[in-house]
Amino acid sequence: MSWPKVKLKDCCKVIGGATPKRNVPEYWESDDVPWVTPKDVSNLTDKTLLDAPEYISQLGFDKCATYLLPKGSILLTSRAPIGNVAIAGKDMCTNQGFKSLVAGEGVDSTYLYYCMLTHSKHLDALGNGATFKEVSKKVVEEFEIPLPPLEEQKRIAAILDKADAIRRKRQQAINLADDFLRNVFLDMFGDPVTNPKGYEKVCLGQVCTIKGGKRIPKGEKLVKENTGYPYIKAGNIKNGKVNSNKLEYVPHHVREKIARYTVDAGDVCLTVVGANIGDVGVVPDELHSASLTENANKLLIQNKKIITNFYLASALQMDFIQNQIKSKTMAVGVPKLALFRIEQLEILIPPTELQKRFESIVNTVDSYLGRLSLNQGLCDTQFLALSQKAFAGEL
């Protein structure tokens with residue numbers, strides 16, 4: 001049975017968000033109202049966002065004219081990236097990177113969550129923008145979803161909840177392995193803030209040459225066909241790796257125009273624009289000579305006898321440097337981390353023997369994570385197939 005299609009504006013209230021001015025301390029000094037950014041919903045281990053990492057004052061809330069979403073609302077990112085979803089675990093507001101959904105009468109919030117999760121690619125395809133794709137409020141309001149009777153919605157939501165729980169348990173195992181590596185790093189090198197082992201502290205610009213990427217020339221487009229010239233976007237850089245997810249390619253005639261802005265295998269990349277500033281990844285062999293987006297920089301190590309790429313990528317992900325990145329990010333319009341500010345980031349330089357020992361541990365854990373991620377991929381595929389059947393009325 002196929003369910004009737006309903007526009008979101010006819011079954012939900014679509015709500016945007018806003019950001020108080022960062023240069024007004026009074027807007028941020030009080031923890032009055034939970035305030036969410038797209039990054040806060042990008043790596044959740046559960047479908048519900050229980051709390052916000054950042055709060056704004058009541059004055060900041062009033063001045064920026066954002067909206068307090070009630071508990072149970074669907075947080076839907078509308079840019080950088082489009083289509084990430086979560087259920088609000090409490091009343092909270094968002095920045096302008098959302099077009100969130102407040103379910104109307106006769107709509108189950110959990111059903112709506114899974115529906116938007118399943119249709120996120122369709123929504124993403126409707127995005128526009130040269131630097132950042134974004135979907136407008138109107139596009140979201142006109143987006144159609146299947147809407148069966150309320151009891152059927154609850155039945156579908158219950159089935160998908162059970163399947164999703166299995167999928168998330170595997171993801172939690174992957175996250176635990178990541179936490180393990182973080183703890184190993186701190187055990188081997190000490191807390192970078194207190195530096196109990198007394199390692200030399202230098203600025204990144206002293207040990208690395210920082211170079212930017214390049215956007216596709218105006219009027220040109222990336223293609224999905226493999227031209228032999230992959231293009232690394234900011235979304236491909238995450239958790240210490242540069243991955244091939246949703247990879248797009250540079251046409252042959254465009255490659256000549258941006259040929260200078262490529263990466264080599266082993267290069268460390270850092271995202272510098274948008275909601276995911278500070279994401280880090282090492283370029284794998286299969287992406288050697290790929291073009292690099294203007295939304296990321298590559299960090300070229302000047303002397304590999306002093307610092308290894310594995311250590312550099314790991315150190316960049318630690319709170320010590322992530323907090324520096326946050327403090328140096330300029331937030332006028334789209335948040336951006338300038339190249340010269342990356343050069344100012346401070347990093348500890350432990351003995352290279354210790355760095356290489358850490359790399360060996362990382363490789364061992366990565367081998368385990370590779371097998372676990374493969375199983376996770378199969379779980380994700382099965383969950384997607386089940387979701388598609390559910391919203392096609394075939395469960």
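Helices (H or I, at least four residues) and strands (E, at least two) are DSSP runs, numbered from the N terminus. This is a predicted model, in which local features need pLDDT of at least 70 and side-chain atom pairs count only at pLDDT 80 or more, while totals for chains, interfaces and linings use all residues. Residues are numbered from 1 along each chain as its sequence is written, and side-chain values use heavy atoms, with hydrogens and water left out.

**View 1. Lys298, a buried lysine without a salt bridge.** Start in strand β20 (residues 296-301), which holds Lys298. Lys298 is buried, where buried means under 20% relative accessible area, exposed over 50%, and partly exposed in between (1.4 Å probe, protein chains only). Lys298 has no salt bridge; that term stands for a side-chain nitrogen of Lys or Arg within 4 Å of a carboxyl oxygen of Asp or Glu. Asp267 is the nearest side chain of opposite charge, 4.6 Å away (Lys and Arg count as positive and Asp and Glu as negative; His and the chain ends are not counted). The Lys298 side chain does reach the backbone oxygen of Thr262, at 2.5 Å. Beyond neighbours within four places in sequence, the contacts of Lys298 include Thr209, Ile210, Lys211, Val263 and Leu292 (contact means heavy atoms within 4.5 Å).

**View 2. The largest cavity and its lining.** Rolling a probe the size of a water molecule over the atoms shows where empty space is left. On a 1 Å grid over the protein atoms alone, a cavity is a set of points where a 1.4 Å probe fits but cannot get out, and lining residues have an atom within 4 Å of a point. Searching the whole structure turns up 1 cavity of 30 Å³ or more. The largest cavity has a volume of about 70 Å³, volume being the space filled by probe spheres set on the points, which are joined across faces, edges and corners. Among the residues that line it are Phe185, Phe189, Tyr311, Met318 and Phe320. At least two lining residues come from each of α6 (150-189), α9 (309-317), α10 (319-328) and β21 (346-349).

**View 3. Helix α10 and its packing partners.** Here the buried residues are Phe320, Ile321, Gln322, Gln324, Ile325 and Lys328. The buried residues of α10 pack against β11 (200-203), β17 (268-271), β18 (280-282), α9, α11 (339-344) and β21.

View 4. The whole structure has 13 salt bridges. In one of them, Glu142 pairs with Lys9, with the closest N and O atoms 2.8 Å apart. Lys7, Lys9 and Glu142 are linked in a network of salt bridges. Lys238 and Asp279 also meet in a salt bridge (3.1 Å, N to O). Lys238 sits in strand β14 (residues 237-238) and Asp279 in the loop between β17 and β18, 41 residues apart. Asp279 is buried, at a relative accessible area of 12%.

**View 5. Helix α3, mostly covered.** In α3 (residues 109-118), 8 of the 10 residues are buried, including Tyr111, Tyr113, Tyr114 and Cys115. At the start of α3, a side-chain oxygen of Asp108 comes to within 3.2 Å of the backbone nitrogen of Thr110.

Methods: Polar contact = N/O pair within 3.5 Å; in protein donor to acceptor, adjacent residues only side chain to side chain. 1 Å grid on protein atoms, 1.4 Å probe; cavity = no way out; pocket = protein on both sides within 12 Å on 5 of 7 lines; lining within 4 Å.
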